[in-house]
Amino acid sequence: MIGTHCKSCGEYYFPPRTLCPNCRRTGQMEEHKFRGTGTVITYTTIYSATEDFERLTPYNLAIIQLDEGPKLTGQVVCSPENMKIGMRVRPVFRILGKEGERGIIYYGTKFAPAEDAP
Amino acid sequence: MRAVSIIGVGCTRFGERWDSSLRDLVVETGIAAIEDAGVTGETIDALYVGNMSGGRFVEQEHIGALIADYAGLSSLHIPSTRVEAACASGGLALREAFLAVASGYADIVIAAGVEKMTDVSSGVAADALAAAADREWECFFGATFPALYAMIARLHMRKYGTTREQLAQVAVKNHHHGHMNPIAQYHTEISVEDVMNSPLVADPLRVLDCSPITDGAAAVVLAPSEIASRYSDTPIRILASAQASDSLALHDRRDITTLDSTVHAAKRAFSQARLTPEEIDVAEVHDCFTIGEILAIEDLGFFPKGEGGIATEEGRTSIGGDVAVNTSGGLKACGHPVGATGIKQACEIVLQLRGEAGKRQVDEAEIGLTHNVGGSGGTALVHILSR
Ligand SMILES: [Zn+2]
């Protein structure tokens, strides 16, 4: 998970930005590799999805705050009963979805529970 | 800046209009608004139309020219502009029309909105609507609109103790209001149990927490206030028009349980109108999901943050309460043809302020407000209207 870090103000960005919104032209951006561990801010379990995701239902979606600060939206692979606000998660590489009738499969980052993640 | 008034309104029946094309809906609403305003085609200076996704829903773009054409105005060659801000497209069309008149650039201007959504499958409709979210960083990972609002709802419940029943009460109230509105998509009353027993869409939101897929169109006619009485015995003043934006993706917001775009648009509108939220008698707010109305009544300043649920439960937002919210039935029961919604909201407030709202009339309504949101809060528009 590659994002950016502004050396001027210290803020981390995911997804990566080329311009630091805090510092604008005085910002100094560098690439940053996120550990990917974070905390669930809020979540839902989706029972009715768009066509590309229908076969995955029910699946959990969460807003996750990475330990470095930025927030993102991602799926959490675990049973819906085990989802909790405040739970710790770590990244896993999984099939994300299938596009259209021809079924082009694409991969990406999901998250899994990680109660032991520091 | 000149004072601006609404001199005419027109709205189609909302619902699954399988017998009417997008063009038919435009003609129906255009004729109604122009007749209500008592203007002739020759006096119209410009037209703005809100439409979110003609391309996806009916494979038709260039809606500006199409509307002018089918409203019978093509031979007059007036400027006709389509504007888009997802579900706030209608509110944005109203604002653009307001600015055109207020600036002195045009006199008689029509603001319209239209969406024909039921020609495609529900999956295609859901995907077209999802285009209002962040494709790359929300939808790509499986987000849907109900899911985004469900995540807001869950955190609001955790932070403020909002209950599942309170969310349901928004839908119950709006169906109660909607059953008194002849143009509403649904004329059925529902109970809290009906909402709680409806199928889950995105936990904790259920089918009856969600606004439906709807066909419909609406139009209003604007004029400078100084000449409005030439056309209407009951012109309605637009005291304020405000717009604000925020990050496209929900996860980038300062606070997941507040729509800052609503907060800022409301602040600007109340300051323009020199009014406070307590002075609003009737409001049409953006209840695309039940939690949306709870956020709206807090973020507009009607109730303190976190108290929207209890205020709804106590009936303070029903007709006869502190502020009558969504007397049309809202997006939930009146229906949500996305591009038309912001204009329908203005039509409803005009009817209320004229005293023409029939069974759902709010007693002595003098000041009204409309609140229209695009996406999960990337855009918000607030208008304040007065008798
Ligand atoms: Zn910076």
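Student: Let's start with the aromatic residues: which residues do ring pairs link into a cluster?

Tutor: Happy to begin there, and keep in mind that this is a predicted model. The cluster is held together by ring pairs and has members from chain A and chain B. Its members are Tyr12(A), Phe14(A), Phe34(A), Trp137(B), Phe140(B) and Phe141(B).

Student: How are the rings of Trp137(B) and Phe141(B) arranged: stacked or edge-to-face?

Tutor: A search of the whole structure gives 8 aromatic pairs over all chains. Trp137(B) and Phe141(B) make one of these pairs, with 6.2 Å centre to centre and 25° between the planes. Planes under 30 degrees apart count as stacked. The arrangement of Trp137(B) and Phe141(B) is therefore stacked.

Student: What is the geometry of the pair formed by Tyr149(B) and Phe289(B)?

Tutor: The ring centres of Tyr149(B) and Phe289(B) are 5.0 Å apart. Their planes meet at 35°, so this pair is tilted.

Student: How many residues apart are Tyr149(B) and Phe289(B) in the chain?

Tutor: Tyr149(B) belongs to helix 6 (residues 145-160) of chain B, while Phe289(B) is in the loop between strand 9 (282-284) and helix 11 (290-299) of chain B. Both Tyr149(B) and Phe289(B) are buried. The pair links distant parts of the chain, and the separation is 140 residues.

Student: Which residues touch the most other members of the largest nonpolar core?

Tutor: That core has 63 residues, and helix 6 of chain B gives the largest share of it, 9 residues. Phe289(B) also has contacts beyond its sequence neighbours, including Phe145(B), Pro146(B), Leu205(B) and Cys210(B). The residues that touch the most other core members are Ile64(A), Tyr149(B), Phe289(B) and Ile291(B).

Student: How many residues are in the second, separate core?

Tutor: This core includes Val101(B), Ala346(B), Val350(B) and Leu381(B). It is separate, and its count is 36 residues.

Student: Moving on to the sheet of chain B, which strands are at its edges?

Tutor: The sheet is open, with 10 strands in the order 3-2-4-7-1-8-12-11-9-10 and mixed pairing. An edge strand here pairs on one side only. The edge strands are strand 3 (80-83) and strand 10 (324-325) of chain B.

Student: Do strand 1 and strand 7 of chain B run parallel or antiparallel?

Tutor: Strand 1 (residues 4-11) and strand 7 (residues 216-224) of chain B are joined by 7 bridges. Within this pairing, Gly8(B) of chain B stands opposite Val221(B) in strand 7. The two strands run antiparallel.

Student: What angle does helix 10 of chain B make with strand 8 of chain B?

Tutor: Helix 10 (residues 260-273) of chain B packs on the sheet and touches strand 8, strand 11 and strand 12 of chain B. Its direction makes an angle with that of strand 8 of chain B of about 145°.

Student: How far apart in space are Gly10(B) and Cys347(B), C-alpha to C-alpha?

Tutor: Gly10(B) lies in strand 1 of chain B and is buried, with a relative accessible area of 5%. Its contacts beyond four places in sequence include Thr29(B), Ala218(B) and Cys347(B). Gly10(B) and Cys347(B) are 337 residues apart in sequence, but in space their C-alpha distance is 6.9 Å.

Student: Which helices do the buried residues of helix 5 of chain B pack against?

Tutor: In helix 5 (residues 122-130) of chain B, the residues Gly123(B), Ala125(B), Ala128(B), Leu129(B) and Ala130(B) are buried. The buried residues of this helix pack against helix 2 (54-57), helix 6 and helix 14 (338-354) of chain B.

Student: Finally, in chain A, which residue is the bridge partner of Val40(A)?

Tutor: Chain A has 0 helices and 8 strands. Strand 4 (residues 38-46) of chain A has 8 of its 9 residues buried, so it is largely enclosed by the rest of the structure. Strand 4 pairs with strand 5 (residues 59-66) of chain A in the antiparallel sense over 8 bridges. In strand 5 of chain A, the bridge partner of Val40(A) is Ile64(A).

How values were computed:
Residues numbered from 1 in each chain as written. Chains lettered and ligands numbered in written order. Predicted model: local features only at pLDDT ≥ 70, side-chain atom pairs only at ≥ 80, totals over all residues. Heavy atoms only, no water. Phe/Tyr/Trp six-rings, centres within 6.5 Å; stacked < 30°, edge-to-face > 60°. Helix = DSSP H or I, 4+ residues; strand = E, 2+ residues; numbered from the N terminus. Buried < 20%, exposed > 50% of the residue type's maximum accessible area, 1.4 Å probe, protein only. Pairing = 2+ DSSP bridges. Contact = heavy atoms within 4.5 Å. Axes fitted to C-alpha atoms, helices over the stretch in contact; angles between N-to-C directions. Core = buried A, V, L, I, M, F, W, Y, C linked by side-chain atoms within 4.5 Å.
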